[in-house]
Amino acid sequence: MSILEQLLAARQSGARLLAVLLDPEKQGVAELNDFFRRIESLPVTHFLVGGSTGSGPATDTLVRALKARTHLPVVLFPGSSDQLSDAADGLLFLSLLSGRNPEYLIGQQVQAAAVLRQAPYEVLATAYLLLDGGNESAVQRVSETLPLSQENSELIVDTAFAAQLLGFKLLYLEAGSGAAVPVRESVIEQVFNTVDLPLVVGGGIRSKSALEAAYRAGATMVVVGTAFEKEFSEF
Ligand code: 1GP
């Protein structure tokens, strides 16, 4: 089954996918043992690798180290066109539709195109919507775009529906890594009720209850990064 088929099946059945995000700038390969110990009791289904800053070599090293340890899919979640690795199983090919910076709507994607023509992995066209997580996120800083206010759910839903009409395969609702507040349940619910795409939700999820809330509201896959970077207590 491809990664997209897995996501579509989960959206249909309500199965819950959990992706752990590793940032090659922060996660050393030598510390992977500790990392795997921290997540061993969790029902992890995917690994995402990426960050707002970072380089190709560090991404490739981490992807290869993960592939040597797990049979779960390892999916690239790049902050720029050079954070790629042929060892990955998939790529979230993101377009930052919440913003109006052409560089992150289509510029980086064009830069990656020549490499992606040869890519051995699955490329998943992903509508990436940055929502206000209560603090300035790295995505906001690097992309020089403003997040959508979570008060304005109509604009979020309209953006999500436009993304579906444009043919995107996945919708990623992002509150930003380390967000003070995650994506609201009411926002996830409204998007879930409007679009048929699998919903990926991440940013600021630090507890089992926040994870459950996101699934209950309609998240197909929840992404957790920061909470698993060090010892955690709430999971
Ligand atoms: C960031 O959605 C992810 O892109 C994860 O966020 O680091 O806050 O878990 P956290």
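This is a predicted model: local features need pLDDT of at least 70, side-chain atom pairs count only at pLDDT 80 or more; totals for chains, interfaces and linings use all residues.
Helices and strands here are DSSP runs, numbered from the N terminus.

Leaving aside neighbours within four places in sequence, the contacts of alanine 175 are Leu131, Gly133, Val181, Pro182, Val183, Gly203 and Gly204. Serine 177 lies in the loop between strand 6 and helix 7 as well. For serine 177 the count is 20 C-beta neighbours inside 10 Å, so this residue also counts as buried. Not counting residues up to four places away in sequence, serine 177 touches Ser137, Ala138, Gly203, Gly225 and Thr226.

Serine 177 leads on to the ligand. Around the ligand there are 14 residues, of which Ser177, Gly202, Gly203, Gly225 and Thr226 come nearest. Sorted by class, this shell has six nonpolar, seven polar and one charged residues. The unreviewed UniProt entry carries a "binding site" annotation that covers Tyr172, Leu173, Glu174, Ala175, Gly176, Ser177, Gly178, Gly203, Gly204, Gly225 and Thr226.

Attention now turns to strand 8, which spans residues 221-224. In a regular strand, side chains alternate between the two faces of the sheet. Strand 8 is covered on both faces, with Met221 and Val223 buried on one side and Val222 and Val224 buried on the other. Strand 1 (residues 17-22) pairs with strand 8 in the parallel sense, over four bridges. Within that pairing, leucine 18 has valine 222 as its bridge partner. Strand 7 (residues 199-202) likewise pairs with strand 8 in the parallel sense, here over three bridges. Glycine 202, listed above among the residues that come nearest to the ligand, stands opposite valine 223 in strand 8. From strand 7 the chain passes through helix 8 (residues 208-217) to strand 8, and this β-α-β crossover is right-handed.

A last stop is glutamate 103, which is found in helix 4 (residues 102-116). Glutamate 103 and leucine 92 are 11 residues apart along the chain, and their C-alpha atoms are separated by 17 Å.

Technical notes:
Residues are numbered from 1 along each chain as its sequence is written. A residue is near a molecule or strand if its C-beta atom, placed from the backbone, lies within 6 Å of it. Ala, Val, Leu, Ile, Met, Phe, Trp, Tyr, Cys and Pro count as nonpolar, Asp, Glu, Lys and Arg as charged, and the others, Gly among them, as polar. UniProt positions are given in the numbering used here, feature names are shortened, and annotations may be inferred rather than shown by experiment. Two residues are in contact if their C-beta atoms, placed from the backbone, lie within 7 Å. Helices (H or I, at least four residues) and strands (E, at least two) are DSSP runs, numbered from the N terminus. A residue is buried if 20 or more other C-beta atoms lie within 10 Å of its own, exposed if 12 or fewer, and partly exposed in between; C-beta atoms are placed from the backbone. Two strands pair if DSSP finds at least two bridges between them. A crossover is right-handed if, with the strands pointing away from the viewer, the path from the first strand over the helix to the second runs clockwise.
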